[in-house]
Amino acid sequence: MRALVVAHGEAGPLRFADVDEPVPSAGEALVEVRHIGLNFGELNYVRQWPAGAVHGHDAAGVVVRAASDGSGPPEGTRVALGMTPHAWAERVAVGPASLGTVPEGVDLADAAALGIAGVTALRVLRKRSLLARDVLVTGASGGVGHFAVQLAALAGARVTALVGSPGRAAGLRELGADQVLTDLAETGDRFDLVLDTVGGPLVARAWNSLAEGGTIHLVGYSSGQETAFPPGVLFGFGEPRSITTYGDMAPTSGELTDLLDLMAAGRLSAPVGLRGDWRDVDDAVQALFARKVHGKVVLDVA
């Protein structure tokens, strides 16, 4: 079968290859993949994976063979895969802990956009009550950012979306952002929670905008820059503030189910900024790296 595998050469992070068919264990279903969802991190930091390995973590498709032990969804079920290794192939063996059943009315391509981005946003925002809280989402035009803006607004937060340029602000107010900024200097607000996908100097600036008892959750570092804090900035009186890392790779079935239910109810939309054929993956990767995509890249498996 065909798959997208890790490439460490100059041609790009991925290449097509013929690989062996997956052999499911007793507790795994065989899924025919219809769509894959690309993420910036797994492509930009591709050297963290061995060359030649089937790559990717997010996809959606249909169960063509149920798990032989009777666990998981039956044959014919439409499913979303989240944080599932080796997902960018025509077929993949998956345990039920990594699957979410896609309800009627939800497009499979939209379900493929959930995975890492949707689950990350949901897990971070569930760390504390957001009702009437002030939440800042940095890199809000990206996949995690689009989901975070919507979910924070659904939870009753006052949401500020921060983007890199005015051209990347489109649609964020419609998703629930109360204000959209291109520079933190544009506001004097103090935030109870910052969901940061950018890293670098922006983290230090966000620290200065953090309310007493507030937390910055670091979920990405798309800037690729270092963060430096001036002397004394991390000392302060009042209720302690904190900076928290994120790297939760626990099974995703529960969160995928919750997100898919919200989509089925019309309360959450998939931020698909680029849709295409997986044979054009090189163009899609370049568009993602060039910051030309607002939201997620979803590719159809031909």
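This is a predicted model: local features need pLDDT of at least 70, side-chain atom pairs count only at pLDDT 80 or more; totals for chains, interfaces and linings use all residues.
Before I place any residue, let me say that the strands and helices I will name are DSSP runs, numbered from the N terminus, a helix having at least four residues and a strand at least two. With that in hand, we can say that H86 sits in the loop between β5, which covers 78-81, and β6.

Most residues other than glycine have a negative phi. In H86, however, phi is near 65 degrees, which is a positive value in a residue other than glycine. You will find R291 in the loop between α8, residues 281-289, and β15, residues 296-300, and at 38% relative accessible area R291 is partly exposed.

Let me turn now to the open sheet, which has six strands in the order β10-β9-β8-β11-β12-β13, paired in parallel. Which strands stand at the edges? They are β10, residues 179-181, and β13, each of which pairs on one side only. If we ignore direction, neighbouring strands of this sheet are turned against each other by 20 degrees on average.

Next I would like to look at how two helices meet. Two packed helices are described by the angle between their axes and the distance between the axes. For α3, residues 115-125, and α7, residues 253-264, the axes come within 10 Å and cross at roughly 95 degrees. Angles of 65 to 115 degrees count as roughly perpendicular, and α3 and α7 are therefore roughly perpendicular to each other. On the α3 side the residues that take part are G115, G118, V119, L122 and R123, and they meet E255, L256, D258 and L259 in α7. Sorted by class, this contact of α3 with α7 has four nonpolar, two polar and three charged residues.

One of those residues, R123, brings us to the salt bridges, because the side chains of R123 and D248 meet in one, at 3.3 Å from N to O. D248 lies in the loop between β13, residues 242-245, and α7, while R123 lies in helix α3, so this pair ties together parts that are 125 residues apart in sequence. Are the two partners buried or exposed? D248 counts as partly exposed at 29% relative accessibility, whereas R123 is buried, with a relative accessible area of 7%.

How many salt bridges are there in this model? The count comes to twelve, and I will pick out two others. In one of them D18 joins R2, with the closest N and O atoms 3.6 Å apart. Here D18 lies in strand β2, residues 14-18, and R2 in strand β1, residues 2-6, so the pair ties together parts that are 16 residues apart in sequence. D18 is exposed, at 62% relative accessible area, and R2 is partly exposed, at 34%.

In the other, R91 forms a salt bridge with E21, and their closest N and O atoms are 2.5 Å apart. R91 lies in strand β6, residues 91-94, and E21 in the loop between β2 and β3, so parts that are 70 residues apart in sequence are tied together. Both partners are partly exposed, R91 with 22% relative accessible area and E21 with 40%. Salt bridges that share partners also join E21, E90 and R91 into one network.

I will finish with V63, which lies in strand β4, residues 58-65. V63 has a relative accessible area of 1%, and because anything under 20% counts as buried, V63 is buried. Leaving aside residues up to four places away in sequence, V63 touches A29, L30, V31, P73, P74, E75, G76, T77 and V79. The C-alpha atoms of V63 and V301, which are 238 residues apart along the chain, are separated by 15 Å.

How values were computed
Residues are numbered from 1 along each chain as its sequence is written. Side-chain values use heavy atoms; hydrogens and water are left out. Axes are lines fitted to C-alpha atoms, for helices over the stretch in contact, and angles run from 0 to 180 degrees between N-to-C directions. Angles under 35 degrees count as roughly parallel, over 145 as roughly antiparallel, 65 to 115 as roughly perpendicular and the rest as oblique. Contact means heavy atoms within 4.5 Å. Ala, Val, Leu, Ile, Met, Phe, Trp, Tyr, Cys and Pro count as nonpolar, Asp, Glu, Lys and Arg as charged, and the others, Gly among them, as polar. A salt bridge is a side-chain nitrogen of Lys or Arg within 4 Å of a carboxyl oxygen of Asp or Glu. Buried means under 20% relative accessible area, exposed over 50%, partly exposed in between (1.4 Å probe, protein chains only). Two strands pair if DSSP finds at least two bridges between them.
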